[in-house]
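Please look over the structure below before reading on. The report that follows takes up its core, one of its helices and the relation of its chains.

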2 protein chains.
Amino acid sequence: MQTNDQLLGAIEHYLGEICYPEDPERLYAPISYSLTMSGKRLRPMLLMLTCGIFTDRPDTAMPAAAAVEVFHNFTLLHDDIMDNAAMRRGNPSVYAKWGQNIAILSGDAMLISAYQQLSKMPAELLPRLLSRFNTMAIEVCEGQQYDMDFESRERVTVEEYLHMIELKTSALLTGATVLGAIIGGASEEDTQLLHRFALELGLAFQLQDDLLDSYGDERLGKAIGGDILKGKKTFLMVTALDRASDEDFQTLRSIYRDPQISAEEKINTVKTIYDKLEVKRQTELQIGLRFERALCTLDQLSVQTADTQRLRDYASSLIGRKK
Amino acid sequence: MQTNDQLLGAIEHYLGEICYPEDPERLYAPISYSLTMSGKRLRPMLLMLTCGIFTDRPDTAMPAAAAVEVFHNFTLLHDDIMDNAAMRRGNPSVYAKWGQNIAILSGDAMLISAYQQLSKMPAELLPRLLSRFNTMAIEVCEGQQYDMDFESRERVTVEEYLHMIELKTSALLTGATVLGAIIGGASEEDTQLLHRFALELGLAFQLQDDLLDSYGDERLGKAIGGDILKGKKTFLMVTALDRASDEDFQTLRSIYRDPQISAEEKINTVKTIYDKLEVKRQTELQIGLRFERALCTLDQLSVQTADTQRLRDYASSLIGRKK
């Protein structure tokens with residue numbers, strides 16, 4: 001049986017073999033560029049591993065896995081324009097490298113390219129796959145819109161934040177997982193359970209991302225406090241705003257804009273408030289809770305526990321836990 | 001039998017009935033806004049009329065017709081950002097009304113919405129329709145990229161220009177027409193002929209659009225010379241550049257940028273060169289030639305001439321000719 005590393009290699013190989021025309025060069029070069037800036041390939045991995053629970057031939061799912069990965073990279077490309085982000089995974093973003101208009105149009109072509117990949121799936125599956133893919137795609141747009149709306153709002157509740165994350169982050173994970181289940185031939189009930197699994201996993205995953213930005217992880221070697229300096233409404237921030245005194249509330253909402261205060265001091269001040277309000281502990285509790293729920297959902301599937309082991313191991317590695 | 005006006009009414013009705021969620025409001029309101037800024041509905045009309053050649057029940061094609069129209073409006077939405085265009089069909093563009101980020105994201109959602117419409121078509125047709133739709137969509141992106149590339153180039157040949165228009169304008173017309181043929185159950189040969197018809201019609205249509213911008217049409221009441229003032233490489237301009245003396249070439253390439261010269265004088269100077277080089281006559285010849293070719297292609301279809309009459313009449317009305 002294939003290991004997860006071998007599966008990742010197969011996904012990379014498939015993505016590398018997608019042929020884009022040479023011309024017009026400024027339409028297609030940014031697509032190849034962003035697809036080779038290799039990420040974790042989390043979404044196609046989830047799709048393939050889920051499919052593998054139900055069939056011995058999950059490799060037939062590869063075009064759908066590629067569709068989901070190409071779609072994910074399309075969202076990053078357009079998000080970078082909206083966020084005015086010059087860097088992506090340690091390289092210049094398409095937006096920074098080619099400019100806004102190229103980034104808009106290449107992104108559009110990439111979204112279409114995702115559908116081109118999906119359309120390679122067997123005809124008898126296509127209506128269901130297309131419908132599910134569309135739902136995933138529109139939910140991600142809704143999540144991005146809520147995220148942008150939150151930027152200009154004074155208050156965002158924890159519930160609103162979690163709903164936004166369900167759309168912006170979890171929708172791609174649930175989409176990938178459910179597509180894998182459909183292709184594998186899972187029952188309707190198992191498909192629903194896997195949707196639930198991916199939803200909770202996505203929440204745990206995003207909350208951990210939020211946590212690491214403020215509290216770091218030596219494995220990432222990433223600068224700490226980027227979200228704090230941008231005044232971004234993360235799970236930590238909305239939790240803190242929810243619990244803060246009026247004075248702390250004002251500090252949290254305004255300090256990041258103050259040109260008189262150094263970056264280090266801003267980060268320290270916000271984290272001191274976080275500590276006082278037990279924000280870190282709350283976030284860790286939520287991550288643990290969501291992750292447990294995700295794994296418990298897998299227990300309820302109609303398959304042998306051994307069949308889900310690879311998916312469990314992969315999910316655990318994402319959240320950095322042994323299970 | 002339905003008249004073309006009734007068909008247009010049915011298309012408007014269907015488009016108006018597409019339900020978009022209320023939230024997030026800033027994602028969906030721009031979509032409804034741009035779909036109600038009623039255009040000619042040229043592409044769904046072509047799809048439905050083509051389908052009607054082969055079946056008595058072309059109304060089953062309505063979701064595909066809507067998909068093509070929604071896709072077309074998505075391209076306008078993103079084009080307006082790339083062109084920095086404040087107005088669209090006499091109203092503020094989505095870009096001007098809601099800003100760049102909303103226009104990017106709503107456009108993305110609109111592209112997905114086009115696929116949602118397409119996915120309502122019968123399952124047995126979906127693989128072919130999806131594949132053809134994808135081809136159409138990516139060709140339009142390629143055409144837009146070539147158009148942007150041409151802006152910064154000194155010379156563009158007439159052949160290059162026509163190739164760009166085949167992608168940017170004709171691809172949507174060929175896509176709509178071929179989708180209609182597939183849904184109607186046309187033979188492979190008839191489908192190929194209809195592709196050819198729409199390709200030539202699209203060229204005639206775009207060249208006429210180029211011509212009207214410089215020479216006007218009292219029916220439109222549009223300002224004349226907009227393309228000249230922007231230095232846009234239209235069919236008229238690339239034809240003139242191809243034939244111009246060195247001196248006229250320099251004038252054509254630089255006069256639109258000269259802040260010392262009035263708009264009226266710029267337009268008059270360029271049109272004087274156009275007249276000297278017989279650009280208007282050349283363009284009219286091309287429009288006539290392409291339009292004749294389009295109609296001749298319809299003669300070769302395996303159906304009775306009477307069955308194609310409505311499509312002929314509609315094509316003629318587009319180019320403003322009696323046939």
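## Nonpolar core

In this predicted model, the largest nonpolar core has 225 residues, and those with the most contacts inside it are A:Phe71 and B:Phe71. A nonpolar core is a set of buried Ala, Val, Leu, Ile, Met, Phe, Trp, Tyr and Cys residues joined through side-chain atoms within 4.5 Å, where buried means under 20% relative accessible area (1.4 Å probe, protein chains only).

Leaving aside residues up to four places away in sequence, A:Phe71 touches A:Leu111, A:Ala114, A:Phe133, A:Met136, A:Ala137, A:Val140, A:Leu172 and B:Ile112, contact meaning heavy atoms within 4.5 Å.

## Helix H14 of chain A

Helices are DSSP runs (H or I, at least four residues), numbered from the N terminus. Because the expected span is 1.5 Å times one less than the number of residues, the 21 residues of helix H14 (residues 279-299) of chain A should span 30 Å, and its end C-alpha atoms are 31 Å apart, which agrees.

Among the buried residues of H14(A) are A:Val279, A:Gln286, A:Arg290, A:Phe291 and A:Leu298, and what covers the buried residues includes helix H8 (158-184), helix H9 (188-215) and helix H15 (309-319) of chain A.

## Two copies

Chain A can be laid on chain B with an RMSD of 0.0 Å by a turn of 180° and a shift of 0.0 Å along the axis, superposed by least squares on the C-alpha atoms of residues with pLDDT of at least 70 in both. The two copies are thus related as by a two-fold rotation axis.

## Basis of the values

Residues are numbered from 1 along each chain as its sequence is written, and chains are lettered from A and ligands numbered from 1 in the order in which they are written. Local features need pLDDT of at least 70 and side-chain atom pairs count only at pLDDT 80 or more, while totals for chains, interfaces and linings use all residues, and side-chain values use heavy atoms, with hydrogens and water left out.

Definitions and conventions: Buried < 20%, exposed > 50% of the residue type's maximum accessible area, 1.4 Å probe, protein only. Helix = DSSP H or I, 4+ residues; strand = E, 2+ residues; numbered from the N terminus.
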